[in-house]
Protein chains: 2
Amino acid sequence: MNGAEALLRTAANCGVDACFANPGTTELHLVEALDRVPSIRPVLALFEGVCTGAADGYARMTGRPALTVTHLGPGFANGLANVHNARRARTPMINLIGDHATWHLAADAPLASDIETLARPMSGWVRRTAGAASLSQDMLDAIDAAYGATSGGGAATLIIAQDHCWDESTMATTATATPARQQPTPAGDQVATATSAIRKAQLEGRKVFMVLGGSGLGAASKRVAARLGSKAGMTVLTGAPNGRADRGGHVPAIAAIPYFPEQAQPLLADAGLVVLAGAIDPVQFFGYPGGRSRVAPDGVPVVVLAQPGEDVLAGLGALAHELGVTMEAIGATDRGQGFDRPVVADGPLTLAGIGSMLWSRLPEGAVVVSEAISSSGQIEHEEWKAAPHTSLAGTTGGAIGGGLPLTVGAAVACPDRKVIDLQADGSAAYTVQSLWTMARESLDVVVVLLANRRYNILDIELKRSGMGAGLTGLTDLGRPDIGWAKIAEGFGVAGIVAEDSATFAKALERGLRESGPLLIEAMI
Amino acid sequence: MNGAEALLRTAANCGVDACFANPGTTELHLVEALDRVPSIRPVLALFEGVCTGAADGYARMTGRPALTVTHLGPGFANGLANVHNARRARTPMINLIGDHATWHLAADAPLASDIETLARPMSGWVRRTAGAASLSQDMLDAIDAAYGATSGGGAATLIIAQDHCWDESTMATTATATPARQQPTPAGDQVATATSAIRKAQLEGRKVFMVLGGSGLGAASKRVAARLGSKAGMTVLTGAPNGRADRGGHVPAIAAIPYFPEQAQPLLADAGLVVLAGAIDPVQFFGYPGGRSRVAPDGVPVVVLAQPGEDVLAGLGALAHELGVTMEAIGATDRGQGFDRPVVADGPLTLAGIGSMLWSRLPEGAVVVSEAISSSGQIEHEEWKAAPHTSLAGTTGGAIGGGLPLTVGAAVACPDRKVIDLQADGSAAYTVQSLWTMARESLDVVVVLLANRRYNILDIELKRSGMGAGLTGLTDLGRPDIGWAKIAEGFGVAGIVAEDSATFAKALERGLRESGPLLIEAMI
């Protein structure tokens with residue numbers, strides 16, 4: 001077999017079963033080999049940012065890395081923004097980049113560029129292939145790297161010379177069992193240190209804040225953390241955008257640290273200790289004149305119960321044990337308790353109304369992707385009342401354009417779960433090509449396109465900073481209005497314009513009832 | 001004034017008058033300052049690849065760099081593919097990237113990344129600002145770098161800390177005159193060496209090939225080169241995708257070196273000398289099994305008459321003088337001689353028919369952007385017969401998605417010239433957001449969207465290499481069909497579907513007659 005096939009068969013043997021691809025000439029041997037490795041599902045995208053964002057969504061839902069296939073430096077560059085988001089979400093991912101044949105590099109042909117340098121800032125692991133014979137081992141190493149066995153985890157990027165793909169190769173004889181994601185248990189002394197720091201702070205009358213992140217956003221962790229909060233006198237919050245969270249049903253609603261400093265900093269103003277449970281010490285998203293980076297005041301001590309990437313539930317459980325906090329039994333049903341019946345809104349469409357209509361109808365086990373940006377607060381206000389579901393943040397790294405691709409990846413990963421994307425309009429434009437892949441793969445998704453026709457977050461920032469109210473030119477998306485339903489139809493996805501609540505509710509019910517993709521352009 | 005204003009006022013004083021922007025929070029002081037520097041036209045795009053590609057098109061038409069404004073590492077990464085194309089076209093461009101405030105970098109906030117490393121592969125010059133006081137000087141240096149005074153020219157990338165934008169600053173007191181693009185005259189001994197190499201080759205009965213590139217694709221250079229070809233016994237060809245070429249009217253039709261090795265290499269098989277006039281020694285776009293990089297056979301000597309970036313016309317003129325070749329007068333009119341009247345095609349729509357209809361109607365002075373990929377040969381076959389016009393290649397660096405943004409930039413640069421984009425469908429998808437900017441700015445463009453519903457170039461490559469005919473999965477854009485006219489309308493651009501020649505001719509005539517953008521979805 002050739003190198004390309006050895007590479008892909010190795011991936012398949014390790015349980016890799018999805019490949020989000022936008023190939024070019026240097027990847028055609030990979031394309032051909034995919035045809036002979038049927039256990040890997042090839043998913044074509046019209047733009048590379050769709051591939052990388054979809055791989056992120058896929059891995060957040062399955063815990064397993066997907067492959068991406070992109071074309072030399074410029075093609076991979078198009079995918080970098082969503083590799084950045086994945087890096088911040090600590091998502092495993094394996095990027096395969098076809099490069100020129102080794103002997104062709106010296107020619108500096110038009111498409112040549114320094115791919116390794118481009119890849120490094122967003123990748124935890126980067127390698128250039130050395131020959132066809134080692135491609136299978138390269139894949140094993142990439143999988144190890146993505147799972148975090150040999151690096152911090154995240155994106156493993158393999159730059160594959162085209163001649164290594166077409167040359168003869170064999171399979172590596174080393175282990176081909178499916179590796180498990182590395183999620184170490186917090187060390188005992190780490191838990192002991194955290195416990196005594198908490199006890200000491202409370203003895204001294206200092207307020208204790210616990211910040212949850214990483215796997216600490218799962219249902220069980222949230223229950224333990226909330227119980228710790230109420231029984232052991234801590235304020236529990238969630239940190240900056242996390243990859244995945246359980247919400248709804250009996251999952252406690254734990255407030256997130258607000259985005260803007262004037263809301264976040266007062267919240268932690270009287271903190272006497274910050275306990276990190278899978279989160280980093282909270283920092284502001286941006287720096288502002290006269291401001292500071294850290295959310296907690298200078299000098300407030302920090303103690304780590306669980307590092308990001310560690311098993312937060314194990315850490316929380318150990319802490320509860322140390323503090324003598326026992327768990328409460330919960331009811332047999334996990335069905336959300338917040339709504340008696342589907343909310344029937346009437347009148348004008350509002351963000352809160354969209355939220356009520358959605359959360360009261362949300363099917364159990366749904367996946368909700370949120371890239372609602374400035375709309376997120378109002379629309380997510382009642383999310384905790386919905387049936388139990390999984391929430392994926394679209395902006396873990398702040399790179400805009402994650403929502404639609406994450407939706408693609410989550411829907412490929414979970415064909416039995418409805419995937420709903422709460423999607424800001426400005427952000428949707430970056431990776432609008434995702435809609436075509438939704439149609440091509442008949443993905444079971446509803447895109448709620450929140451059309452406020454502005455880069456509203458920028459308007460808010462301009463107002464906050466006292467900069468000109470007249471500066472509408474570069475934040476206004478309303479000249480011309482974007483017709484999202486039309487664009488969706490152009491890409492093969494049914495589109496409905498909803499200008500009032502009744503129309504929205506009807507469209508939403510159709511989207512939840514029928515299989516396949518639907519976009520609802522919600523005029524807000 | 002603050003740093004942002006000092007920076008932009010310096011740019012304005014140096015003749016910079018366009019800014020293609022997709023800003024975020026870290027660029028808001030630049031946005032605000034743009035409002036106070038009215039001689040710089042801000043053009044908003046929904047995606048960063050539109051900004052960088054438009055800056056490329058703008059500079060190819062004006063010779064002057066435009067600004068781009070993008071948001072930290074991920075935002076700039078979205079623009080890199082078209083910076084790569086611009087690099088290969090040797091286009092001057094100034095990329096302004098807003099980064100976090102200096103004191104916020106250590107916080108490693110979600111959007112932080114290593115921007116310098118990302119920027120370096122595609123930029124000729126990269127700098128991180130040192131303080132508000134030096135921002136004005138930074139801009140002077142960036143302009144010098146873009147023009148090639150202090151580097152190889154091309155993209156100058158300035159990473160601007162947000163606090164340097166909001167801090168107080170002053171204007172630099174050094175020169176603020178508009179600099180000129182550096183285009184050195186080829187050295188006399190370089191011309192002498194080329195002349196004697198040509199004479200020696202011809203004395204020895206070796207065939208001489210001249211390859212034109214860079215500024216050698218201008219009308220006057222082409223005339224001198226063609227005259228040299230016929231009078232001094234050289235075969236004149238054009239090299240791999242060049243940024244800008246004059247075509248039509250009395251501009252001689254000079255054949256390009258074909259794309260595929262099996263066509264290109266036989267053409268130069270009996271070469272005894274390759275003379276480079278603004279081109280590099282021709283290499284294949286990709287390497288193939290058993291193939292080679294160079295188009296000319298190994299061992300064929302090369303001599304440089306003019307380096308890429310040098311004044312090719314001066315070199316050609318000097319060579320003509322040395323070889324005793326004088327120029328012929330041309331007629332007073334530059335109107336194309338190839339068509340007596342507009343071609344009226346009937347029946348099914350073909351690429352050749354689209355070409356005849358277009359070239360026979362092309363207004364003098366039009367700008368034709370070509371990213372037709374696999375359709376380019378047939379559609380451009382009769383281009384030489386059209387009225388004189390300027391041609392911009394969409395794939396100078398082989399990065400797909402250049403055509404629509406180049407069209408935006410050329411139309412902003414040349415409001416009095418009709419801009420026509422011959423646009424492959426697969427490529428259009430990468431930067432489809434360009435359509436919105438065309439509508440927003442009422443740009444006078446006609447997009448001829450060539451809908452073959454395939455990544456046809458990949459199918460051709462698969463067939464050439466003998467790889468599976470059944471491998472349609474990842475090259476087929478027809479499941480579902482993309483409705484380009486609908487997508488155009490969604491972005492605010494009128495769209496017409498043309499399934500036959502008569503409809504296409506009517507749509508084309510409307511596009512040429514009316515002002516503003518039109519997309520014709522040509523079903524081929």
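Two strands pair if DSSP finds at least two bridges between them. The close-ups below come from a predicted model.

**View 1. Strands β12 and β14 of chain A, a parallel pair.** β12(A) covers residues 367-371, and β14(A) covers residues 419-424. Five bridges link the two.

**View 2. The open seven-strand sheet of chain A.** Its order is β9-β13-β12-β14-β15-β17-β16, with mixed pairing. β9 (244-247) and β16 (494-498) stand at the edges. Each has a single partner strand, so one side of each lacks a neighbour in the sheet. From one strand to the next, the twist averages 20 degrees.

**View 3. Strand β7 of chain A, mostly covered.** The strand spans residues 207-212. Five of its six residues are buried. β10(A), residues 271-277, runs parallel to β7(A) and is joined to it by six bridges. Here A:M210 has A:V275 of β10(A) as its bridge partner.

**View 4. From β7 to β8 in chain A.** β8(A), residues 234-238, pairs with β7(A) in the parallel sense over four bridges. In β8(A), A:L237 is the bridge partner of A:V211. Between the two strands the chain passes through helix α9(A), residues 219-231. This β-α-β crossover is right-handed.

**View 5. Helix α14 of chain A, mostly covered.** The helix runs over residues 403-413. Eleven of its eleven residues are buried. Among them are A:L404, A:L406, A:V408 and A:V412. The buried residues also include A:G403, A:P405 and A:T407.

Note on methods: Residues numbered from 1 in each chain as written. Chains lettered and ligands numbered in written order. Predicted model: local features only at pLDDT ≥ 70, side-chain atom pairs only at ≥ 80, totals over all residues. Buried ≥ 20, exposed ≤ 12 C-beta atoms within 10 Å, placed from the backbone. Right-handed = clockwise from strand over helix to strand, strands pointing away. Axes fitted to C-alpha atoms, helices over the stretch in contact; angles between N-to-C directions.
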